[in-house]
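Visitor: I would like to go through this model with you. Could you bring it up first?
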Amino acid sequence: MSQHDFSHGTKFLLYGLEVVVKRSGHRQVTVESVNYKKLETYKVEELLQAWMDGNLEFQIDESQPVIETDFESFPPDKKKEAERRYEIIRPFIKREKRFADLEKHLEVNQVSQGTFYNWMRKWLRYRDIRYLISNYEMRGPRSRLSDEKVIEIAKQVINDLAYEDIIPSVREMFDELKARVKEANDFREASQELKCLSLTTFWRVYRDEQDKYKQDVIRHGLQKARLLRKGSRGRLFCDRILERVEIDWTQVDLLLVNPRTLQRQRPWLIYAIDVFSGEPMGFHVCFNQPDSGELKQCLLHCFLPKTYVGQLYPLVQKEWTAYGIPREIVLDNAKVNESYDLRDVCQTYGIDIQYCSIASGHQKGAIERAFRALNQKLIHRSPGTTFSNPFERSQYDSEGEACITLQAFNYLVHIALVDMISHDWRHSVTRAGVPHDLWHKSLNENPHLRLAVPRNLKELKIVMGAGLEFRKLQAQGIKLESFYFQSAALQDLRYEMDRLNRNDELRIRYDVDDLRVIYVRDPLNETYIEAYPDIEIVSDRKIRSDLPIPYYEVQLRSVELSSAKTRHEDSHVGQARRNVKEITKQQQDDQKQEYADTLASMELQTLRFENMGYELDKLSLPEDISEINSVQQGEPVKPRKPTGQNKKGVEVVSDQKAQETSEYDMENDMDDDLPSYQTGIKGV
């Protein structure tokens with residue numbers, strides 16, 4: 001590196017003021033301000049301390065650029081050339097040779113005298129081998145030789161096209177340049193025509209004129225452009241757990257299977273993490289676009305102790321001890337997060353909400369990094385994953401390999417959050433360690449910190465539950481997605497409302513992750529009543545009542561019933577209604593004729609029964625009905641011949657009836673040769 005001292009004439013900046021040394025000594029140095037011509041005397045120790053603090057900087061030799069790269073960083077060929085040059089001038093620097101032998105020395109090394117003295121001058125000035133590095137690649141003109149007017153046209157093309165929403169390629173901009181140069185030459189004489197730049201020269205102009213930050217603002221937005229230019233320089237520090245909890249959601253890169261319909265669908269995962277310890281606080285899985293209700297459901301999971309893990313998920317090896325009401329939650333700037341419902345809930349429990357800037361995911365980097373860790377440890381290693389992009393997925397058959405259901409996915413997320421994240425080593429710049437241990441360490445270091453919970457679970461689920469419906473109270477109870485919920489207190493409410501002649505729609509609140517109990521608002525007493533599902537219906541739908549019943553499972557059963565009803569072929573019901581109307585109309589018409597057609601039909605039916613072997617007038621049934629339908633082998637029953645008259649003595653036998661009677665006689669005659677069985681009553 002270059003070497004400097006406080007000799008006479010040396011210039012340097014001292015506290016931002018340019019000075020020159022006028023008088024130099026071993027202990028004191030007198031300097032003069034270049035602008036004000038004022039003399040001041042400093043001790044050498046004071047100047048050296050200013051140099052150590054960065055308040056003193058020696059003047060740079062403008063003829064030679066400053067080299068800030070260490071010698072080892074240069075390419076091997078350049079280092080070898082610099083060492084060769086030093087070996088050529090070293091004998092004269094060390095006085096091993098006399099300058100009288102210079103000509104012979106240069107002839108042996110094939111170096112000109114001017115080049116030798118140039119190397120000597122650099123060494124004696126800087127005494128740094130880096131200044132002997134060859135700058136051969138920097139040869140050539142220091143300014144462009146192209147016409148300045150063409151350069152201006154090229155700059156105008158870049159300014160017009162390079163900052164559009166869809167940035168064209170350099171080749172497209174070069175084509176535009178050629179078109180504009182041609183238009184400019186249309187008004188010039190042949191001797192004064194402009195010569196267009198080459199593509200390589202235009203590329204250099206574009207590289208010099210391109211404003212990358214401006215392009216990033218147009219394409220990615222202001223926040224992303226600032227992040228790309230300046231990076232994420234800030235860092236948030238927390239003093240304890242629950243001081244800052246970051247919440248975000250994303251669509252999981254995994255296809256889940258409906259075990260009944262075998263349909264594939266990507267769920268949404270809402271995830272919350274404690275920034276201080278990196279401990280997972282809670283999560284919620286849903287299939288619809290998350291709204292304020294889903295966010296409240298995730299907060300509900302954060303508030304509740306995770307005592308259920310060992311009972312419901314026995315394969316989870318460690319314990320999940322993180323719970324409590326955070327002091328501040330951090331959300332992105334989505335419209336869902338600005339709902340009044342979420343704001344009222346946070347005000348109820350004294351939680352501050354901080355919204356990040358638009359498109360500023362780096363402002364909640366803890367939860368973004370947590371999603372990445374969950375993808376790496378679970379999501380992208382599970383069958384049916386869609387990976388993060390099509391290039392990474394390649395030819396992997398995500399739909400064909402998908403086999404995980406919603407219930408199994410909840411199980412897997414518990415294993416990943418507890419065993420793989422909470423009790424695994426956390427690589428962090430500010431606070432490395434095991435999140436579970438950091439959580440309890442913060443509890444021990446802050447004895448005043450208490451993990452608070454609301455007064456009771458019922459109150460918490462009423463306030464935080466994502467489920468909200470309005471239903472009328474029926475005799476069977478409250479109907480919710482084809483399920484009926486009932487309780488004794490609910491029936492008492494129905495009785496009182498009937499007595500007061502009130503038919504209000506009741507407000508229903510429930511936990512979408514567990515429908516084993518819902519809460520119905522009593523409009524008479526301004527309280528909430530618990531109601532429970534019908535166990536028989538739950539069993540018929542093949543749902544386990546000893547485990548949490550998710551709302552999605554109940555909704556799925558309801559959709560299946562609706563689909564089955566839609567697929568059912570019931571066109572015959574309409575035809576049946578037509579037949580009923582036709583018979584009714586015939587009866588109305590027959591009523592006007594004193595039922596003549598009906599009486600004739602009855603007589604004809606009687607004749608048909610008599611021809612089949614039944615004498616209806618003499619038929620008597622025994623007291624023991626079990627003797628009916630006994631089969632006996634005996635004499636064939638001879639059919640009774642029709643009399644041709646009804647009970648009133650009116651002759652009703654027509655030609656058609658006579659023909660039907662003869663047909664019955666023919667059938668009976670044909671059966672005489674066959675063995676006959678008398679079907680009737682014993683003893684008759």
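Guide: The crossing of H8 and H9 is right-handed, meaning that the near helix is turned clockwise from the far one by less than a right angle. Helices are DSSP runs of H or I with at least four residues, numbered from the N terminus. This is a predicted model, in which local features need pLDDT of at least 70, side-chain atom pairs count only at pLDDT 80 or more, and totals for chains, interfaces and linings use all residues. Residues are numbered from 1 along each chain as its sequence is written, and side-chain values use heavy atoms, with hydrogens and water left out.

Visitor: Which residues of H8 and H9 make the contact?
Guide: H8 supplies Tyr213, Asp216, Val217 and His220, while H9 supplies Leu222, Lys224, Ala225, Arg226, Leu228 and Arg229. Contact means heavy atoms within 4.5 Å.

Visitor: At what angle do H8 and H9 pack?
Guide: The angle between helix H8 (residues 212-220) and helix H9 (residues 222-230) is about 140°, and their axes are 7 Å apart. Axes are lines fitted to C-alpha atoms over the stretch in contact, and angles run from 0 to 180 degrees between N-to-C directions.

Visitor: Changing topic, what is Leu417 in contact with, beyond its neighbours within four places in sequence?
Guide: Leu417 contacts Tyr271, Pro280, Phe283, Trp320, Leu374 and Ser422.

Visitor: And how many helices and strands does the chain have?
Guide: The chain has 24 helices and 20 strands, strands being DSSP runs of E with at least two residues.

Visitor: What percentage of the chain is buried?
Guide: Of the 684 residues, 36% are buried, that is, under 20% relative accessible area with a 1.4 Å probe, protein chains only.

Definitions and conventions. Buried means under 20% relative accessible area, exposed over 50%, partly exposed in between (1.4 Å probe, protein chains only).
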